[in-house]
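Open the model in your viewer and show the protein as a cartoon. The stops below say what to select and what to look for there.

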Amino acid sequence: MTRTTSSPPIGVAVSTVIFRLRREADDARLELPLVRRTRDPHEGQWALPGGWVDLAENLESTASRTLAETTGLAPSYLEQLYAFGDVGRSPGRVVSIVYWALVREDIARATEQHNVAWFDATALPALAFDHNHIVDYALWRLRNKVGYSRIAHGFLPDRFTLAELREVYEAILGRRLDPANFRRQVEGSGTLIPTDDFRTGSHRPARLYRYNQDVELADRGPLPQ
């Protein structure tokens with residue numbers, strides 16, 4: 001299909017919704033980084049990190065580059081989420097290819113950047129463009145995907161306790177889970193391998209587990225991992 005000479009140019013951009021788990025006392029919640037816009041449109045408002053697609057880049061490379069430039073983050077998991085291109089979502093005609101990503105809490109804390117702040121993913125201010133809608137869709141996808149993949153492991157270090165893994169599930173789903181039922185389900189899933197090490201503290205020692213590296217975080221079919 002050819003474009004007529006009167007057709008306006010269409011800009012293609014990439015934005016990324018990147019989640020981390022934030023632990024405080026006995027509570028854990030999902031957070032995401034936002035960038036304060038320094039120019040119009042929506043100057044002064046918070047927005048998802050992103051940027052224009054370079055002619056020499058593929059989309060995933062653009063997502064990784066713009067994340068590094070705006071937030072300094074390198075995610076443990078990155079996947080294309082959706083394409084958003086409603087007319088009127090931005091001045092001019094802009095289609096945004098949106099990715100979603102996961103980072104471990106220790107990495108996220110080590111890469112705090114100027115003009116970037118972390119927000120509770122379920123209690124955001126009014127964002128620029130249609131970014132509130134994009135975040136809502138990313139949360140919906142994450143909550144659905146956690147039920148049939150080991151995507152929750154993207155928030156954790158190489159070794160972790162079952163209580164820490166359950167905490168991730170509870171933060172994603174927004175509800176408490178029965179510890180005994182959770183243990184039975186994850187130990188029978190084939191995604192965890194128990195180690196001989198334990199974490200000690202004020203409570204009884206807790207066995208440490210690691211990922212089964214033969215199981216992907218999420219099945220991407222024939223797409224490259």
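A residue counts as buried when its relative accessible area is under 20%, as exposed when that area is over 50%, and as partly exposed in between. Keep in mind that this is a predicted model.

**Whole chain**

Start with the whole protein chain selected. Of its 225 residues, 42% are buried. The cartoon shows five helices and ten strands. Switch to a surface: the chain exposes about 12,600 Å², and carbon and sulfur atoms supply 50% of that area. For contacts between residues at least 6 apart in sequence, 63% join residues at least 24 apart.

**Helix H3**

Next, select residues 131–145, which form helix H3. How far apart are its end C-alpha atoms? They are 21 Å apart, which agrees with the 21 Å that 15 residues should span at 1.5 Å a residue.

Now show side chains for the buried residues of H3: His131, Ile134, Val135, Ala138, Leu139, Arg141, Leu142 and Lys145. Turn the view to look down the axis of H3; the buried residues fall within an arc of 165°, so they line one face of the helix.

What do these buried residues pack against? Colour the following elements to see the partners:

- strands S1 (11–24), S2 (27–36) and S3 (46–47)
- strands S5 (77–84) and S6 (94–102)
- helix H4 (162–173)

**Glycine 51**

Move to strand S4, residues 50–52, and pick glycine 51 within it. Is glycine 51 buried or partly exposed? With a relative accessible area of 21%, glycine 51 is partly exposed, because the cut-off for buried is under 20%.

Select Ala13, Val14 and Thr66 as well: leaving aside neighbours within four places in sequence, these are the residues in contact with glycine 51. Then draw a C-alpha to C-alpha distance from glycine 51 to threonine 16; the two are 35 residues apart in sequence and 9.5 Å apart in space.

**Asparagine 212**

For the last stop, follow strand S10 (206–211) into the segment after it, where asparagine 212 is found. Asparagine 212 has a relative accessible area of 16% and is therefore buried.

Show its surroundings: apart from neighbours within four places in sequence, asparagine 212 is in contact with Arg150, Gly190, Thr191, Leu192 and Ile193. One of these deserves a distance label. A polar atom of the asparagine 212 side chain lies 2.9 Å from the backbone oxygen of glycine 190.

Note on methods. Residues numbered from 1 in each chain as written. Predicted model: local features only at pLDDT ≥ 70, side-chain atom pairs only at ≥ 80, totals over all residues. Heavy atoms only, no water. Helix = DSSP H or I, 4+ residues; strand = E, 2+ residues; numbered from the N terminus. Buried < 20%, exposed > 50% of the residue type's maximum accessible area, 1.4 Å probe, protein only. Polar contact = N/O pair within 3.5 Å; in protein donor to acceptor, adjacent residues only side chain to side chain. Contact = heavy atoms within 4.5 Å. Areas by Shrake-Rupley, 256 points an atom, 1.4 Å probe, with all protein chains shown as cover. Expected span 1.5 Å × (residues − 1). Arc of directions from axis to C-beta.
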